[in-house]
Amino acid sequence: MPIHSKRVSRPPDFQPVSSDLPLVDLVDVSVSLGGAPVLSKCRLTLDPGESLGVAGPNGAGKSTLLGVVATFITPTGGSGTVLGALLAGPRTPAVRSQIGWSGHLPALYPDLTLGENLALAARLTGHPVSRGRKVLTQVGLGAAAGIRAERCSNGMLRRADLARLLIGSPRLVLLDEPDAGLDQDAAAIIDHLITRTTRRDGAVLCVSHDAARLSGWVDRVVEMREGRIV
């Protein structure tokens, strides 16, 4: 069944994770790269079932913020937790499997076909290979499963990268300019991914230079300017 943007209720077999703690909690987090400040005393809280958009111009620090939340960038100041793990703490690597990230560059192997890429993603997340084929069809790429990623258009790669996140059920989804290179119809894929994640008490953090686009997907939008959330 093709993906559409209609909001749906929680599935009957849904079992919420019992937790009163936020999935993301950053307190005065700062990051300097090469001695230059990129983030400055950022505070951000993301609760289960919530979707948050961060809007700001290029160079505001949005992608660096995602890198911190993804646990790949270590803050140079402040503190915080992601999925209950302290930033740069011993449990940080263990929670990465619960984080789904779609960035500027699709996380696909160029020499593999789209079908092979999604089959690999399915195996790595403990799902049958057929799950990869199913989500490719859902995002409108069923007929392109045999095309190598290096031969695909940017729009096809973006769709396939979002399909990769749909294979599993990451507790925390991070999206960096998710509609870049996508046509208007494909925006329904983003809406579906966000809705599916939040209705299972996961959370979504989405960054973009376009606040108006964010407001159509997420519960609330904040601004980032010169490394600060304002």
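This is a predicted model: local features need pLDDT of at least 70, side-chain atom pairs count only at pLDDT 80 or more; totals for chains, interfaces and linings use all residues.
A residue counts as buried when its relative accessible area is under 20%.

**First stop: Thr 71**

Select Thr 71, in the loop that joins helix H1 (62–69) to strand S4 (77–82). Its relative accessibility is 9%, and Thr 71 therefore counts as buried. The backbone deserves attention here: phi of Thr 71 is near 75°, a positive value in a residue other than glycine. Most residues other than glycine have a negative phi.

**Second stop: Thr 64**

Display its surroundings: leaving aside residues up to four places away in sequence, Thr 64 touches Val 31, Val 38, Leu 39 and Ile 73.

Select Gln 98, located in the loop between helix H2 (92–95) and strand S6 (99–102). This residue is partly exposed, with a relative accessible area of 33%. Apart from residues up to four places away in sequence, the contacts of Gln 98 are Leu 83, Pro 170, Arg 171 and Leu 172.

Select residues 114–124, helix H3, together with residues 154–167, helix H5. Two packed helices are described by the angle between their axes and the distance between the axes. For H3 and H5, the axes come within 9 Å and cross at roughly 20°. Angles under 35 degrees count as roughly parallel, and H3 and H5 are therefore roughly parallel to each other. Their crossing is right-handed.

Which residues of the two helices meet? On the H3 side they are Leu 114, Leu 118, Ala 121 and Ala 122; on the H5 side they are Met 156, Leu 157, Ala 160, Ala 163, Arg 164 and Ile 167. By class, this contact of H3 with H5 comprises nine nonpolar residues, no polar residues and one charged residue.

Select helix H4, residues 129–138, and highlight its buried residues: Gly 132, Val 135, Leu 136 and Gln 138. Turn the view to look down the axis of H4: these buried residues fall within an arc of 155°, so they line one face of the helix. Their cover includes H3 and H5. Just after H4, Gly 140 has a positive phi of about 85°.

Arg 159, Leu 162, Leu 165 and Leu 166 of H5 meet Ile 189, Ile 190, His 192, Leu 193 and Arg 196 of H6. The contact of H5 with H6 divides into six nonpolar residues, one polar residue and two charged residues.

**Last stop: Glu 226**

Finally, select Glu 226, in the loop between strand S9 (220–225) and strand S10 (228–229). Is this residue buried or exposed? Glu 226 counts as exposed, at 75% relative accessibility. Although Glu 226 is not a glycine, its phi is positive, at about 50°.

How values were computed:
Residues are numbered from 1 along each chain as its sequence is written. Side-chain values use heavy atoms; hydrogens and water are left out. Axes are lines fitted to C-alpha atoms, for helices over the stretch in contact, and angles run from 0 to 180 degrees between N-to-C directions. Helices (H or I, at least four residues) and strands (E, at least two) are DSSP runs, numbered from the N terminus. Angles under 35 degrees count as roughly parallel, over 145 as roughly antiparallel, 65 to 115 as roughly perpendicular and the rest as oblique. A crossing is left-handed if the near helix is turned anticlockwise from the far one by less than a right angle, and right-handed if clockwise. Contact means heavy atoms within 4.5 Å. Ala, Val, Leu, Ile, Met, Phe, Trp, Tyr, Cys and Pro count as nonpolar, Asp, Glu, Lys and Arg as charged, and the others, Gly among them, as polar. Buried means under 20% relative accessible area, exposed over 50%, partly exposed in between (1.4 Å probe, protein chains only). The arc is that of the directions from the helix axis to the C-beta atoms.
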